[in-house]
Amino acid sequence: MVRTPANIRDVAARAGCSIATVSRVATGNGPVSVAMQKKVVDAALTLGFPLAPPSAARRPVLGVLLPSLTNPVFAGALAGIEHCARANDLSIIIGQSNYRADEEMAVIAALIAERPLGLIMTVCDPATSDVFATVARQGIPAATVYNEGVPDGFGSVSVDNRAAMRELTEKLLNLGHRSILFVGGRFASSDRAINRYRGYCDAMKAAGCQPFAALEVDFIDATEDVDLTAALDKRHPTAIVVSNDLLALTVIASLRRSGLRVPQDVSVTGFDGIDLARHISPRLTTIVQPSRTMGVLAASMVLDIAAGRRHPAHILADFTFARGETIEEAKPHPRSQSSSSSTNQEPHSHEN
């Protein structure tokens with residue numbers, strides 16, 4: 001059965017308002033209360049009713065959806081987006097999902113209500129996010145930054161997260177590390193963390209090592225503390241690869257509270273290349289991705305799509321390995337060594 005496209009009467013009925021009110025919201029012309037505007041926009045998005053593009057009288061804006069601005073990596077991309085927007089006499093409007101997939105739709109609805117010329121987004125996981133279908137129905141040019149594997153019709157700018165983490169883990173393996181733990185944000189909140197864990201597994205398996213199950217933590221809470229006690233006692237890692245730099249700094253603090261030194265007792269690596277990682281002591285070993293440039297590329301692509309100058313494309317930016325001071329050659333983990341000598345047990349195995 002073919003579904004009949006929604007019309008303005010359907011939206012008015014769902015929102016509980018007049019057709020004239022829907023018209024004012026849909027075109028952006030005329031006064032409407034904030035509460036009623038939200039009802040109309042939500043109804044239009046639910047029914048797939050297209051809202052009009054921005055009028056010539058309004059300064060065009062770019063809408064930006066990010067997981068959080070507490071992580072400096074997203075501030076880097078935002079700086080690039082803002083630079084491109086200013087160069088084209090645009091403003092930007094920002095919404096944060098707080099790494100929660102269930103909040104993404106509400107943020108996107110609020111951004112669409114502003115009649116953006118285009119959208120730049122970082123979603124939790126493109127494979128499961130509902131925002132792409134909503135944005136496509138509205139015909140808004142859009143691209144993601146950091147996400148990989150986005151649906152057809154959308155642009156993307158990212159690095160190859162899997163390949164980057166594989167290379168980073170290989171650096172540790174070449175230093176003699178075999179007991180390597182992966183710590184990352186919850187996979188449901190980040191396709192980046194998933195792909196980086198896959199890269200870690202690729203490197204471990206290629207070296208004949210059984211990868212450990214990932215230690216997943218909450219992105220927001222982990223900026224304050226990460227409890228590594230159980231993982232240290234069970235796995236006795238000589239190295240820890242962490243899915244982003246900000247989380248790596250928390251991991252280092254947790255190790256120090258446990259009486260372990262970095263890198264003398266445990267090597268630690270991050271991922272992102274945020275400025276803060278270069279200024280801590282010891283300086284963090286990490287993968288650097290060009291966040292500001294990625295933001296510029298994503299915003300430029302959206303503007304080109306809006307102007308009809310290009311089609312959506314998937315761009316892979318280059319990443320680089322930055323050797324800091326938080327890794328060194330593997331030595332027996334102090335806890336593992338003391339445990340083995342006191343109990344005369346076999347060395348710790350690498351089962352998952």
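**View 1. Helices that line the largest cavity of this predicted model**. Helix H4 (72-87) and helix H8 (191-206) each contribute at least two residues to the lining of the largest cavity. Helices here are DSSP runs of type H or I with at least four residues, strands are DSSP runs of type E with at least two, and both are numbered from the N terminus. H8 gives the largest share of this lining, three residues. The lining has 14 residues, and those nearest the centre of the cavity are Phe 74, Arg 192, Arg 196, Asn 244 and Asp 272. On a 1 Å grid over the protein atoms alone, a cavity is a set of points where a 1.4 Å probe fits but cannot get out, and lining residues have an atom within 4 Å of a point. The largest cavity holds about 120 Å³ of space. Its volume is the space filled by probe spheres set on the points, with grid points joined across faces, edges and corners. By class, six lining residues are nonpolar, five are polar and three are charged. Nonpolar covers Ala, Val, Leu, Ile, Met, Phe, Trp, Tyr, Cys and Pro; charged covers Asp, Glu, Lys and Arg; the others, Gly among them, are polar.

The model is predicted: local features need pLDDT of at least 70, side-chain atom pairs count only at pLDDT 80 or more, and totals for chains, interfaces and linings use all residues. Residues are numbered from 1 along each chain as its sequence is written, and side-chain values use heavy atoms, with hydrogens and water left out.

**View 2. The second largest cavity**. The whole structure has two cavities of 30 Å³ or more. Tyr 99 has a positive phi of about 60 degrees, although it is not a glycine. Tyr 99 sits in the loop between strand S2 (91-96) and H5.

**View 3. Packing of H4 against H12**. Two packed helices are described by the angle between their axes and the distance between the axes. H4 and helix H12 (residues 291-306) pack at an angle of about 45 degrees, and their axes are 7 Å apart. The axes are lines fitted to C-alpha atoms, for helices over the stretch in contact, and angles run from 0 to 180 degrees between N-to-C directions. H4 and H12 are therefore oblique to each other; angles under 35 degrees count as roughly parallel, over 145 as roughly antiparallel, 65 to 115 as roughly perpendicular and the rest as oblique. H4 and H12 make a right-handed crossing, a term for the near helix being turned clockwise from the far one by less than a right angle. Contact means heavy atoms within 4.5 Å. Residues of H4 in the contact include Gly 76, Ala 77 and Gly 80, and those of H12 include Gly 295, Val 296 and Ala 299. The contact divides into eight nonpolar, six polar and one charged residues.

**View 4. Packing of H7 against H8**. The axes of helix H7 (residues 161-174) and H8 come within 7 Å and cross at roughly 40 degrees. H7 and H8 are therefore oblique to each other, and their crossing is right-handed. Among the residues that meet are Arg 162, Arg 166 and Glu 170 in H7, and Arg 192, Arg 196 and Asp 202 in H8. This contact has five nonpolar, four polar and seven charged residues.

**View 5. Two cis peptide bonds**. Val 262 and Pro 263 are joined by a cis peptide bond with omega of about 10 degrees. Pro 263 lies in the loop between helix H10 (245-257) and strand S9 (267-269). The bond from Ser 281 to Pro 282 is also cis, with omega near 0 degrees. Pro 282 belongs to the loop between helix H11 (275-279) and strand S10 (286-288).

Conventions. 1 Å grid on protein atoms, 1.4 Å probe; cavity = no way out; pocket = protein on both sides within 12 Å on 5 of 7 lines; lining within 4 Å.
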